[in-house]
Amino acid sequence: MEEGTWNEVVWCRDTFVIFISDFRRDGCHSCQEAGSSQKARRLRCWFSRTRMYHKKALWKFMGKKTAKTEKPKKKITVEKEIKGDKNGGKRTVYLKKRTKSYPTSNRVNRHPSKKCFSDHRRKFRKSLQPGTVVILLAGLHKGKRAILLKNLPSGLLLITGPFTLNGVPLRRIHPNFVIATSAKVNISKIKGLKSLDDKYFKRVKAKRAKKDDGEIFAAKKEVYKPSEQRKADQKNIDKQTLKAIQRLKGDACHMRKYLCTMFGFRSSQYPHRMKF
Amino acid sequence: MPFKRFVETGRVALISDGPNKGKLCCIVDVINQTRALVDGPETGVPRQGIRLNQIHLTKFRLRFPYTGSTRVVRKAWKEAKLDEKWAASKWAGKMEAKKKRAELTDFDRFKLNSARSTRNKLRTTAFLHLKRLNKKSKTAKKDAKPAKKPAAPKKAK
């Protein structure tokens, strides 16, 4: 006998008689040999319908009827209104999605191929709070100390010397080229910083000379000259930062000198061993 | 010059390496040529064997019998007032100064330098002034003594 028929013998009572005859005819070699003891035991202990009737004490329940408990019917579908003229107005929709309504393949999530650099989120070191004195490490003013005014959304720092002390103008610099010291000046009272954003410092491109002018080879290199607007802003911010330095009281004189002097190492001084 | 500081029972030493670096301890017993039993009940050094190259010997020595218990060491330590003596020593002062110097910030360093330069200026002017006086007196009396340096004002930091 095959496995399938065994199962049927076990589970389907109605077909029992037929299979039991089959079983007697064939004998139970296969199942005993296979060692599927449970199935074999069941077959061996197979009782007639009458014996099962008594064994199960079915007489207890004969002629008795238990009242059916009515379960509240769960809704399977919902009627939804459909707008539009030729759409029939209504549609019955299954609450649970049928299998056929699922897509056969995974959906491909599309995302923008590139995030613009200007959209990046900027993180600054904790030490780079507005008002800290920083040591500049690169650029024209390297070695000088300056005051950090603002962290710009482009990821750059807005600094000023102040210009009257050490010649560092209002300027942007990348935080990698800066050492933050623990010296601080309270610049919370400085006004007019809002207008000094990235747009303010954007470079103005010089227009190309037309070919007709005949001055292609004699193109002059233009030297940077600060505009009147910048000069005015520098003056304004300098005045306020100097006042902020004065507010340090005991250290005001030292701080002025500190900002005036260049940074440098003496012998046997190593930046990784020092506190700034 | 003969040696004066020996690895011996009661010798106070400074631990220069390991987890107890920078703490004072006292040698209780010598284990072998390279190791000693050490205890520091007042400084938080547990009784332990330690390699001799991990300690620096100081000039202090406590008096107690060798292999004395922690209680004995503590008693001797307190009676000798070792903590006070150590704090008053130059060695401890130098260690303190080193620590302070390491903790200076950039601004502090600048302030220290400026204070030092002002002090040095004062000192040189005073020195030159005395030198000039000396020269004058020398010309007046040929057997004048050389001028003494004025006592230097203490460091700002």
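Predicted model: local features only at pLDDT ≥ 70, side-chain atom pairs only at ≥ 80, totals over all residues.
Student: What makes the pair of A:Arg145 and B:Asp106 a salt bridge?

Tutor: The closest N and O atoms of A:Arg145 and B:Asp106 are 3.2 Å apart, and a salt bridge asks for a side-chain nitrogen of Lys or Arg within 4 Å of a carboxyl oxygen of Asp or Glu, so the pair meets the condition. The pair crosses between chains, with A:Arg145 in strand β4 (residues 145-151) of chain A and B:Asp106 in helix α4 (residues 106-140) of chain B. A network of salt bridges links A:Arg145, B:Asp106 and B:Arg109.

Student: Is A:Arg145 buried or exposed, and how do you know?

Tutor: The relative accessibility of A:Arg145 is 5%, which is to be set against the limit of under 20% for buried, and therefore A:Arg145 counts as buried.

Student: How do you know that A:Lys231 and A:Glu228 are joined by a salt bridge, and where do they lie?

Tutor: Their side chains meet at 3.7 Å, N to O, and because the cut-off is within 4 Å, the pair of A:Lys231 and A:Glu228 qualifies as a salt bridge. Both residues belong to helix α7 (residues 228-246) of chain A, where they are three residues apart, about one turn of the helix.

Student: Why is A:Lys231 called partly exposed, while A:Glu228 is called exposed?

Tutor: Exposed means over 50% relative accessible area, buried means under 20%, and partly exposed is in between. A:Lys231, at 44%, falls in between and so counts as partly exposed, whereas A:Glu228, at 61%, is over 50% and therefore counts as exposed.

Student: Which residues gather in the patch of positive charge on the surface, and what makes it positive?

Tutor: The residues are A:Arg266, B:Lys21, B:Lys98, B:Arg101 and B:Arg116, and because Lys and Arg count as positive, the patch is called positive. One of them, B:Lys98, has its place in helix α3 (residues 90-102) of chain B; its relative accessibility is 60%, which is over the 50% cut-off, so B:Lys98 counts as exposed.

Student: Why is A:Phe117 called exposed, and where is it found?

Tutor: A:Phe117 has a relative accessible area of 58%, and since exposed means over 50%, the residue counts as exposed. A:Phe117 is found in the loop between β2 (90-94) and β3 (132-136) of chain A, and its C-alpha atom is separated by 8.7 Å from that of A:Ser154, 37 residues apart along the chain.

Terms used. Residues numbered from 1 in each chain as written. Chains lettered and ligands numbered in written order. Heavy atoms only, no water. Patch = residues over 30% accessible without salt bridge, like charges linked within 9 Å, V, L, I, M, F, W, Y side chains within 5 Å. Areas by Shrake-Rupley, 256 points an atom, 1.4 Å probe, with all protein chains shown as cover. Charge placed at Lys NZ, Arg CZ, Asp CG, Glu CD. Helix = DSSP H or I, 4+ residues; strand = E, 2+ residues; numbered from the N terminus. Buried < 20%, exposed > 50% of the residue type's maximum accessible area, 1.4 Å probe, protein only.
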